[in-house]
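Load the model and keep the sequence beside it. The walk below goes from the packing inside to the rings, and then to the backbone.

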Amino acid sequence: MLQCKMKYEHKLPPQYALELLTIYAWEQGSSKPQFSTAQGFRTVLALILKHQDLCIYWKKYYDLENPTISQYLRRQLAKPRPVILDPVDPTGNVAGGDPQRWQLLAQEVTIWLKYSCCENLNGRPVRTWKVPELKPAASGSSSAAYGSPVPSDMMELRNTLAKSLDKFIEDHLLSNAEFRRQVRQAIDTICTFLKERCFLCAPRPVRVSKVVKGGSSGKGTTLRGRSDADLVVFLTNLTSFREHFERRGEFIEEIGRQLEACQREERFEVQFEVQKQQNPRALSFVLRSPNQAVEFDVLPAFDALGQLTKGYRPDPQIYVQLIQESEKLGGEGEFSPCFTELQTAFLKECPAKLKSLIRLVKHWYQLCKMKYEHKLPPQYALELLTIYAWEQGSSKPEFNTAQGFRTVLALILKHQDLCIYWKKYYDLENPTISQYLRRQLAKPRPVILDPADPTGNVAGGDPQRWQLLAQEVKVWLKYSCCKKLSGKPVGTWKVPVRTPYFFM
C-alpha cells in the first residue's frame, strides 16, 4: 500500500479500509491462526479488483435489531460501492466516497499480479481463498462480517424455498413477546401523556375524546425490529373537517412543546424529526429508553365518526361532507386520520395467515425501498393490494403463502390496469358519493381507494413509482422464493385487475 501511495500521493483509498478488507478476507476465506500469507495477500488484491461490488460490515458492536440503527444501516449499505463500514462506527464508510481512488489502486493491482510475490514457482498465479461472491446472488451468512451488497435478511428471503416461506415469516418477521411488551409500554407512555398531561397548560381548554392507535401497531402487522406507531388524537375542539385542516398545526406545536417540557423534567427522552411542510399532518419523533427506541407519528384529528360499534357503517352524510371539504381544500386523503379506526378495523379483521402474508409483502417492499428510498409507491397500497389478492383469489383462512406472495407480485406487474375499491364503508347509493367515486375510478391507473376514505387513492399519482417496483418484481421472480423445487414459477391465484363490481 505504501509503495503504491508513493506513486499516487493522496489519491488512493484510506489505509484503514485496506486493513479492514484484509480482516474480512481472512475471516471469510481462512479464519485459521495459521495460513498461507501469499494466499491471503493475493486474496486482498483480488478483492480490490472487485471494489465496485464491495459492501462489508460487521455485527460485533451493532446490528439490525434496533429500528433506528437498522434503518440507518440499510441506507448506508445502499450507497454506491465500495462500502466498508467501520466495525465500531456505522456512520463511517471507511472506503471513502470516491471510486476513482479504488480504480487507481486496482490499476496497480493488475501490475503487481505479474510480479513474483503473486506467482508460484511454476509461474502460475497464487490461488486465492474462496471469499463470498460480492454480488446480489451471494448467500447470506450468520458470521460476523458480510460481503454482500445487501443485509442478510434480503439474502435469506431471496434464497428461501417457496415452500418454506411460512417458516421464514415465523423465524424472521414475527416479533417476540418481549419486543411487543416494550413497544406497548412506549405507546402507553405517550397515550397517557396525550390524554392526561399534554394540554393542561394550553392557552385555551382542550379536551381529548380518545387516542387511537393506527399504523402497523394498530393493524397487527408489525414487523420484527420495526417499532413504530401512529397515534391519532381526537380533539373535541375540532368540530369539522375545515377546522381539522386549519387548526391541526397549533395542536401539533402544543404537543411538541409539552413533549420538550417532559424531556427537561427527565420523564422521557424524545428526538424530533424536522418538519418540512408548512402545514404538517403529524408530529414525528422518537421516544428513547435504555433498551428501545420507538418512532411515533402523532396526528390531531376531527372526530368525524363518533363512537364506533361492531359492524359500524358511517352515515353517508359524513362522506358527503368529506368530499365537499376535500374538493374545496384541494387535498386527496387530506382527512385520512379522521378514519383511522375504520382503516385499522378493516385490516384487524383479516385472518392471522393473511396478516402474515402482509408482513411478508411489507418486508419485501422494505428491501426494495433500501434501493430506491422514497421513490416507490406507499406501503399502505401494497397492504391493500395483498388483501385484495387474497379476497379475490382465495378468501380462505388457510392458503398457500408462496402462491399469495406470487399473486401480489403478478398484480404489481399489471399496475397500469389496477382499479380497486371496497364497498364495506361507502357505496353508490348516495348520488354525491356515487358521482365522486366515478370520477375517482376514472383517473389514470393504478387506482386503489382507501376502503375507509374514498378521497384517498393510496396508489399515489405517480405511475413511475410502480414501474420501479415492477422492475424489482421481474428480478425477484427469478429467486427461489418464487419458484417450485422443479424450477418452474409458483402458480398465482386468478385475480381480476379491477374490482368485480366495477361499474365504469
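This is a predicted model: local features need pLDDT of at least 70, side-chain atom pairs count only at pLDDT 80 or more; totals for chains, interfaces and linings use all residues.

Ile448 belongs to the largest nonpolar core, which has 117 residues. It is one of those with the most contacts inside that core, along with Leu194, Phe296, Phe339, Trp364, Phe405 and Ile412. Helix 13, residues 352-372, supplies the largest share of this core, with 11 residues.

Is Ser356 buried or exposed? It counts as buried, because its relative accessibility is 16% and the cut-off for buried is under 20%. Leaving out residues up to four places away in sequence, Ser356 touches Ile169 and Leu174.

Next, helix 5. It runs over residues 99-112, and at 1.5 Å a residue its 14 residues should span 20 Å. The end C-alpha atoms are 20 Å apart, so the expectation and the model agree. Within helix 5, Trp102, Leu105, Ala106, Glu108 and Val109 are buried. Why do the buried residues line one face of the helix? Seen down the axis of helix 5, they fall within an arc of 160°, so they line one face. The general rule is that an α-helix has 3.6 residues a turn, so residues three or four places apart point the same way.

Now the rings. The structure holds 14 aromatic pairs. Phe241 and Phe302 make an edge-to-face pair, 5.1 Å centre to centre with 90° between the planes. Phe241 lies in helix 10 and Phe302 in the loop between strand 9 and helix 11, so the pair ties together parts that are 61 residues apart in sequence. Both Phe241 and Phe302 are buried. Ring pairs also link these two with Tyr319, Phe335, Phe339 and Tyr426 into a cluster. Phe339 is also among the residues with the most contacts inside the largest core.

Take a second pair. The ring centres of Phe346 and Trp422 are 5.4 Å apart and their planes are at 75°, so this pair is edge-to-face. It links distant parts of the chain, 76 residues apart: Phe346 is in helix 12, and Trp422 is in the loop between strand 10 and helix 16. Phe346 is buried, at 6% relative accessible area. Trp422 also counts as buried, at 5%.

Two rings carry a lysine over the face. Lys210 lies over Phe234, at 5.2 Å from the ring centre. The charged end of Lys353 sits over the ring of Phe399, 5.3 Å from its centre.

Finish with the backbone. The peptide bond from Arg81 to Pro82 is cis. Pro82 is in the loop between helix 4 and strand 2. Another cis bond joins Arg445 and Pro446, and Pro446 lies in the loop between helix 16 and strand 11. Ser31 has a positive phi, near 65°. Ser31 is in the loop between helix 2 and helix 3, and at 44% relative accessibility it counts as partly exposed.

Methods: Residues are numbered from 1 along each chain as its sequence is written. Side-chain values use heavy atoms; hydrogens and water are left out. A nonpolar core is a set of buried Ala, Val, Leu, Ile, Met, Phe, Trp, Tyr and Cys residues joined through side-chain atoms within 4.5 Å. Buried means under 20% relative accessible area, exposed over 50%, partly exposed in between (1.4 Å probe, protein chains only). Helices (H or I, at least four residues) and strands (E, at least two) are DSSP runs, numbered from the N terminus. Contact means heavy atoms within 4.5 Å. The expected span of a helix is 1.5 Å times one less than its number of residues. The arc is that of the directions from the helix axis to the C-beta atoms. Rings of Phe, Tyr and Trp (its six-membered ring) pair if their centres lie within 6.5 Å; planes under 30 degrees apart count as stacked, over 60 as edge-to-face and the rest as tilted. A charge sits over a ring if NZ of Lys or CZ of Arg is within 6 Å of the ring centre and within 35 degrees of the ring normal.
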